[in-house]
Amino acid sequence: MENGKYVNQGDTIAVLDDQDIQNSIKTAQAQLDINQQQVNSAEQQLNATQTSLEKLKINLDDAQRNYDREKTLFDSGAASQSELDTAEKALNIAKADYSSGEASIEISKASIESAKASVEAQKVNIEKLQNDLNNTVIKAPISGIITEKN
């Protein structure tokens with residue numbers, strides 16, 4: 001725009017270099033895509049862990065039934081201490097495995113929440129960068145004649 005030129009309100013009077021902002025938007029978008037993939041991966045991991053936990057629950061229930069059966073047989077004298085000990089050991093292992101599976105689910109849930117927070121933060125960053133990009137175009141606030149450029 002030159003001095004003395006008439007402009008209408010809203011006319012573009014200057015455009016600032018926006019290459020850095022455009023590059024930042026591309027980088028932020030790529031990071032957003034990565035963060036979204038992390039959410040998807042964490043959700044898939046949670047589903048797999050939940051399936052594993054269901055199997056561990058079946059194993060735990062089976063070990064508990066086996067232990068109860070061996071305990072009844074032992075109490076009646078029809079099973080040895082060794083057989084009861086073996087059933088108790090299997091039950092304790094099944095309990096530990098199940099507890100570990102439950103902990104894995106909590107870790108997976110925390111990973112999902114963390115990844116979702118990263119996605120939201122990146123969306124806010126992109127929105128800010130988009131606003132910065134929009135501010136590289138200077139528009140006339142009112143209609144009038146340009147009297148001086150700085």
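Colleague: At what relative accessibility does Lys-71 count as partly exposed?

Modeller: The model is predicted: local features need pLDDT of at least 70, side-chain atom pairs count only at pLDDT 80 or more, and totals for chains, interfaces and linings use all residues. Residues are numbered from 1 along each chain as its sequence is written, while side-chain values use heavy atoms, with hydrogens and water left out. For Lys-71 the relative accessibility is 32%.

Colleague: Which residue meets the side chain of Lys-71 in a salt bridge?

Modeller: Side chains of opposite charge can pair when their charged atoms come close. A salt bridge here requires a side-chain nitrogen of Lys or Arg within 4 Å of a carboxyl oxygen of Asp or Glu. At 3.2 Å from N to O, the partner of Lys-71 is Asp-75.

Colleague: What is the N to O distance in the salt bridge of Asp-61 and Lys-57?

Modeller: Both residues lie in helix H1 (residues 19-75), four residues apart, about one turn of the helix; helices are DSSP runs of H or I with at least four residues, strands are runs of E with at least two, and numbering starts at the N terminus. Asp-61 is partly exposed at 28%, and so is Lys-57, at 35%. Their side chains meet at an N to O distance of 3.0 Å.

Colleague: How far apart are the closest N and O atoms of Asp-62 and Arg-65?

Modeller: Asp-62 and Arg-65 are three residues apart in helix H1, about one turn of the helix. Asp-62 counts as partly exposed at 43%, as does Arg-65 at 47%. Within their salt bridge, the closest N and O atoms are separated by 3.9 Å.

Colleague: How many salt bridges does the structure hold?

Modeller: Among them are Asp-61 with Lys-57, Asp-62 with Arg-65 and Lys-71 with Asp-75. The number of salt bridges in the structure is six.

Colleague: How are H1 and H2 oriented to each other, roughly?

Modeller: Two packed helices are described by the angle between their axes and the distance between the axes. The axes of H1 and H2 come within 7 Å and cross at roughly 165°, each axis being a line fitted to C-alpha atoms over the stretch in contact, with angles from 0 to 180 degrees between N-to-C directions. Angles under 35 degrees count as roughly parallel, over 145 as roughly antiparallel, 65 to 115 as roughly perpendicular and the rest as oblique. H1 and H2 are therefore roughly antiparallel.

Colleague: Is Leu-53 buried or exposed?

Modeller: Leu-53 belongs to helix H1. Beyond neighbours within four places in sequence, Leu-53 is in contact (heavy atoms within 4.5 Å) with Tyr-98, Gly-101, Glu-102 and Ile-105. At 13% relative accessibility, Leu-53 counts as buried.

Colleague: Which residue's backbone oxygen does the side chain of Thr-136 reach?

Modeller: Thr-136 sits in the loop between helix H2 (81-134) and strand S3 (137-139), and at 5% relative accessibility Thr-136 counts as buried. Outside the four places on either side in sequence, the contacts of Thr-136 include Ala-14, Val-15 and Ile-21. At a distance of 2.6 Å, the backbone oxygen reached is that of Leu-133.

Key: Buried < 20%, exposed > 50% of the residue type's maximum accessible area, 1.4 Å probe, protein only. Polar contact = N/O pair within 3.5 Å; in protein donor to acceptor, adjacent residues only side chain to side chain.
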